[in-house]
Amino acid sequence: MDRDSVDWHGYIPAVTTPFTATGDLDLAAWAAQLDWLADQQMHGIVVAGTTGEWFSLTEHERADLFTAAAKQVGDRMTVLGGCNAYTAAEAIRHARAAQAAGLHGILLTPPPYVVPSREEILAFYREVSEAVDLPLCVYNWPRGTGVDLDTDLLSRLADLPTVVAVKNSTPDFGGFVRGLVALRHRVRYFGIPTSETGIELLTRIGGDGLMGAGAVLGADHPGFFRAVADGDLDRARRLGARDRVLMETWFGADYGARFASAQAILKHALTLRGVPAGHVRRPLLPLTADQQARVRATLAELDLI
């Protein structure tokens, strides 16, 4: 497999997982949220990623989310399953659940907390790739894993038989661009910023889009990439500027939240927009009144409420 084995492109957000106030998985709200995302014309979604609080899901809950997503979404957009885990054996079980559900592919970081060596990272991905014949997106997430995959290592990972894409969330923008130039003809490459710089990259060098988080802006997020593809760069600049407001107000350069947790911020914002995003699950905490007011002010600035 390679980049031509899939059609992944545009805006593919990692989406939130709805929980009830008592912490139960809320599959009814999940179905409604999926319909909203499809109606907003997302190019795809990532289920049970970091934004989806994979770390507090049981194995069965994650499989249930995969199955429900495939059934609810149908062929309306690409669905990738987040398979992050501490061991390859566990990641393989999640990947097999994604495959059984009929998802289009999987997203996988190096094992978090472990801070593995380069050879250990290669062995981890190789074990998953050889066990499950499903398109795989390598997720470079230094904030969550403690390791930053450089271009040489990403290139070696791209040689694995099922690797078709890279989501590169490195805070090292120079490293991001070096990876784009080196890998653009081999794998789909995500992480393009919704800015003038992103427009220049897409129109002059390459890249396939952004696997963002939450989709709070709705259709404006995928609209940026559609506008660039259509050559309507003024519209792309207007839509991208709206995304930059969210990114710069709520998140820092390493994509970490400036206050509370990203999941709590995104869920509260979606709820204010009428999307049944539900509650966060412990250990995460809901926003305080002051934090809720910060989120509301941003949405009001963008005329979303």
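Which side chain meets that of Arg188 in a salt bridge? I looked it up: the partner is Asp208, at 3.7 Å from N to O. I counted a salt bridge when a side-chain nitrogen of Lys or Arg lies within 4 Å of a carboxyl oxygen of Asp or Glu.

Notes on the source. I am working with a predicted model, where local features need pLDDT of at least 70, side-chain atom pairs count only at pLDDT 80 or more, and totals for chains, interfaces and linings use all residues. Residues are numbered from 1 along each chain as its sequence is written, and side-chain values use heavy atoms, with hydrogens and water left out.

I went back to Arg188 and Asp208. Arg188 is in strand 7 (residues 188-190) and Asp208 in the loop between helix 8 and strand 8, so this pair ties together parts that are 20 residues apart in sequence. Helices (H or I, at least four residues) and strands (E, at least two) are DSSP runs, numbered from the N terminus. Arg188 and Asp208 are both buried; buried means under 20% relative accessible area, exposed over 50%, and partly exposed in between (1.4 Å probe, protein chains only).

I then found that Asp208 also meets Arg3 in a salt bridge, at 2.8 Å from N to O. Arg3 lies in the segment before strand 1 (10-11) and Asp208 in the loop between helix 8 (196-205) and strand 8 (209-210), so the pair ties together parts that are 205 residues apart in sequence. Arg3 is buried too.

I noted one more pair, Arg178 with Asp172, whose closest N and O atoms are 3.5 Å apart. Asp172 is partly exposed, with a relative accessible area of 36%. The count of salt bridges comes to 16.

Is strand 5 (residues 136-140) mostly covered or mostly open? I found it mostly covered, with five of its five residues buried. Leu136, Val138 and Asn140 point one way, while Cys137 and Tyr139 point the other way. In a regular strand, side chains alternate between the two faces of the sheet.

I checked the neighbours of strand 5, taking two strands as paired if DSSP finds at least two bridges between them. Strand 4 (residues 105-108) runs parallel to strand 5 and is joined to it by three bridges. Ile106 stands opposite Leu136. Strand 6 (residues 163-168) also runs parallel to strand 5, with five bridges between them. There, Lys167 is the bridge partner of Tyr139.
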